[in-house]
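Visitor: I am new here. Please show me the molecule, and then let me ask about its parts.

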Amino acid sequence: MLFNSYIFILFFLPLCVAVYFFLYHIQAGRCARLWLFGMSLWFYGYFNPSYVWIICGSILANFMLSVYLLRQYETGDVCRGRAVMFLGVAGNVALLFYFKYVDFFLENMNAVFHTDFVLRRIVLPLGISFFTFQQISYVVDSWRGETKGYSFLDYAVFVSFFPQLVAGPIVLHDELIPQLRDETRHRPDAYWLSRGLYLFAAGLFKKVIVADTLGNLVALGFGGLEILTTVDVLLVIVCFALQLYFDFSGYSDMATGIASMFHISLPVNFNSPYKARSILEFWDRWHMTLTRFLRRYIYFPLGGSRKGRLRTYVNIMIVFLVSGFWHGANWTFVVWGLLHGLAEVLTRRFRNTWSRLPGILQWFLTMTFVSFAFLIFRADTLEQAYIMFRKVARLESLHVTPVMLEGLTLPEFRHLAELLHIDGMPGVKGAIPLTVFLAAVFFATLGMKNCQEKEFVCSRKNLAVTIGMLAWSVVSLSGISTFLYFNF
């Protein structure tokens with residue numbers, strides 16, 4: 001089920017929240033958590049019920065494994081516990097590999113060794129990368145003896161909690177389970193409900209009005225590669241970077257807002273990354289819980305920065321290679337990850353030189369690299385990315401094609417132009433809406449605080465803003481699209 005759909009907004013969400021608090025009100029706490037677990041499974045299996053068996057089997061297997069690891073920790077059997085922990089992590093990775101990478105592996109085997117393995121064309125379960133990493137963290141923490149006192153129901157809700165299930169944040173057990181068990185959070189709270197509705201409306205607006213509009217132009221660009229000019233390609237690069245920003249930022253706000261309605265706080269996952277002045281700062285602001293997971297469960301166990309400069313750089317490259325593979329079964333993601341790893345290594349190596357550059361130049365170089373790297377991230381193949389880079393390098397046809405000019409024209413803008421009888425004026429269908437829209441998006445990205453930075457206040461102003469964003473977004477839901485990170 002999608003957050004940006006009528007059934008979710010008008011039926012699923014209000015029903016889920018209302019029954020959840022009603023069950024706590026009648027002192028049926030276990031039933032409330034069972035209700036939340038059941039609704040999360042409905043949310044997850046809405047488009048494909050077979051997904052439910054996958055996540056339920058994974059939850060059951062990992063919980064049993066975690067119970068065993070806790071017993072080994074308590075008995076002091078370190079060697080056996082470590083061996084079982086590694087097997088458990090390997091099992092989770094194997095599940096992820098099967099669903100996400102087996103066709104990629106077979107396709108490359110066929111290409112390199114001229115074999116004829118038949119591709120399985122396996123449908124990727126939604127959010128498998130997210131809930132697999134979440135369960136890996138729980139298994140490792142169980143081996144460390146950090147998950148005592150949790151019931152199976154606690155664990156099941158922790159993994160399946162629908163606001164963060166399919167696109168993050170990657171939550172740790174000690175961030176969510178204690179809140180689910182906290183009796184002070186079992187009653188509806190006006191502030192948390194208001195804040196949650198505001199965040200949900202803001203995220204929905206970012207997704208439906210901004211990200212999806214930018215996505216129209218990006219789709220035009222990648223769908224008509226042969227006719228693109230140099231300026232067209234640059235416009236596509238900028239628009240995709242902004243589309244991904246507002247798509248992911250919108251989901252993060254909506255996830256945080258929905259959780260807030262349940263009186264639950266999720267970790268911040270997105271903190272204005274396009275204000276970063278270095279790649280290091282970018283990854284401290286972008287997909288923050290993924291960065292935390294990779295640092296805690298891969299980088300530190302590899303030795304982190306404790307074993308010399310060369311080993312540190314190798315560890316960084318390994319982490320970013322994993323990050324690239326995690327995002328998708330395509331060489332474009334691998335190259336994207338390695339490029340970011342190399343950029344981080346170079347930034348660390350020449351930190352003093354970088355720090356002496358003017359701040360505006362640091363920001364410009366960082367965002368230029370991030371945006372061009374995202375072109376590889378978005379491309380279907382490395383060849384497609386190469387063609388677009390070549391068009392930029394050749395500086396051919398320095399104009400914007402008419403079809404691209406109209407790619408960012410909101411339907412609301414066209415209707416307003418018709419209403420005011422200015423539809424035929426020069427520029428109304430071209431450069432003016434494109435310029436106005438991009439200017440507004442850039443201002444919001446660089447000149448405004450994100451929702452996580454603002455301290456929410458229950459006021460008439462915020463009520464009006466919430467209603468306005470919700471109304472505009474819901475009216476514009478005719479073309480429902482999935483979030484980009486659902487693909488990972």
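**A walk through the model**

Guide: Start at phenylalanine 47, which lies in the loop between helix 2 (29-44) and helix 3 (50-75). This is a predicted model, where local features need pLDDT of at least 70, side-chain atom pairs count only at pLDDT 80 or more, and totals for chains, interfaces and linings use all residues. Residues are numbered from 1 along each chain as its sequence is written, and side-chain values use heavy atoms, with hydrogens and water left out. Helices (H or I, at least four residues) and strands (E, at least two) are DSSP runs, numbered from the N terminus.

Visitor: Is phenylalanine 47 buried or exposed?

Guide: Buried means under 20% relative accessible area, exposed over 50%, and partly exposed in between (1.4 Å probe, protein chains only). Phenylalanine 47 has a relative accessible area of 53%. That value makes phenylalanine 47 exposed.

Visitor: Which residues is phenylalanine 47 in contact with, leaving aside its neighbours within four places in sequence?

Guide: Contact means heavy atoms within 4.5 Å. Methionine 1 is 46 residues away from phenylalanine 47 in sequence, yet their C-alpha atoms are 6.6 Å apart in space. With neighbours within four places set aside, the contacts of phenylalanine 47 are Met1 and Leu2.

Visitor: Is phenylalanine 3 buried or exposed?

Guide: Phenylalanine 3 sits in the segment before helix 1 (6-25). Its relative accessibility is 0%. Phenylalanine 3 therefore counts as buried.

Visitor: How do helix 13 and helix 15 run relative to each other?

Guide: Axes are lines fitted to C-alpha atoms, for helices over the stretch in contact, and angles run from 0 to 180 degrees between N-to-C directions. Helix 13 (residues 331-349) packs with helix 15 (residues 359-378) at about 160 degrees, with their axes 8 Å apart. Angles under 35 degrees count as roughly parallel, over 145 as roughly antiparallel, 65 to 115 as roughly perpendicular and the rest as oblique. So helix 13 and helix 15 are roughly antiparallel.

Visitor: Which residues of helix 13 and helix 15 make the contact, and how many are nonpolar?

Guide: Helix 13 brings Thr332, Phe333, Val335, Trp336, Leu339, His340 and Ala343, while helix 15 brings Phe369, Val370, Ala373, Phe374, Ile376 and Phe377. Ala, Val, Leu, Ile, Met, Phe, Trp, Tyr, Cys and Pro count as nonpolar, Asp, Glu, Lys and Arg as charged, and the others, Gly among them, as polar. In this contact of helix 13 with helix 15, two residues are polar, none is charged, and the nonpolar ones number 11.

Visitor: How do helix 9 and helix 15 run relative to each other?

Guide: Helix 9 (residues 230-261) meets helix 15 at an angle of about 85 degrees, with their axes 9 Å apart. Leu234, Ile237, Phe240, Ala241 and Leu244 of helix 9 touch Ser371, Phe372, Phe374, Leu375, Phe377 and Arg378 of helix 15. The contact of helix 9 with helix 15 has nine nonpolar, one polar and one charged residues. From the angle, helix 9 and helix 15 are therefore roughly perpendicular.

Visitor: Where is proline 267, and which residues is it in contact with, leaving aside its neighbours within four places in sequence?

Guide: Proline 267 is in the loop between helix 9 and helix 10. At 16% relative accessibility, proline 267 counts as buried. Beyond its neighbours within four places, proline 267 is in contact with Pro169, Val171, Glu175, Thr289 and Arg292.

Visitor: What is phi of histidine 263?

Guide: Histidine 263 is placed in the loop between helix 9 and helix 10 (279-285). Histidine 263 counts as buried, at 9% relative accessibility. Its phi is positive in a residue other than glycine, near 65 degrees.

Visitor: What is phi of serine 272?

Guide: Serine 272 is also found in the loop between helix 9 and helix 10. Serine 272 is buried, with a relative accessible area of 1%. Phi of serine 272, again positive in a residue other than glycine, is near 45 degrees.

Visitor: How many residues of helix 11 are buried, and what covers them?

Guide: Helix 11 (residues 288-299) is largely enclosed by the rest of the structure, because nine of its 12 residues are buried. Among them are Thr289, Phe293 and Tyr297. The cover includes helix 5 (128-143), helix 7 (173-181), helix 10 and helix 12 (309-327).

Visitor: How many disulfides does the structure hold?

Guide: A disulfide is a pair of cysteine sulfur atoms within 2.5 Å. The sulfur of cysteine 458 is 15 Å from the closest cysteine sulfur, in cysteine 451, too far for a bond. The number of disulfides is zero.
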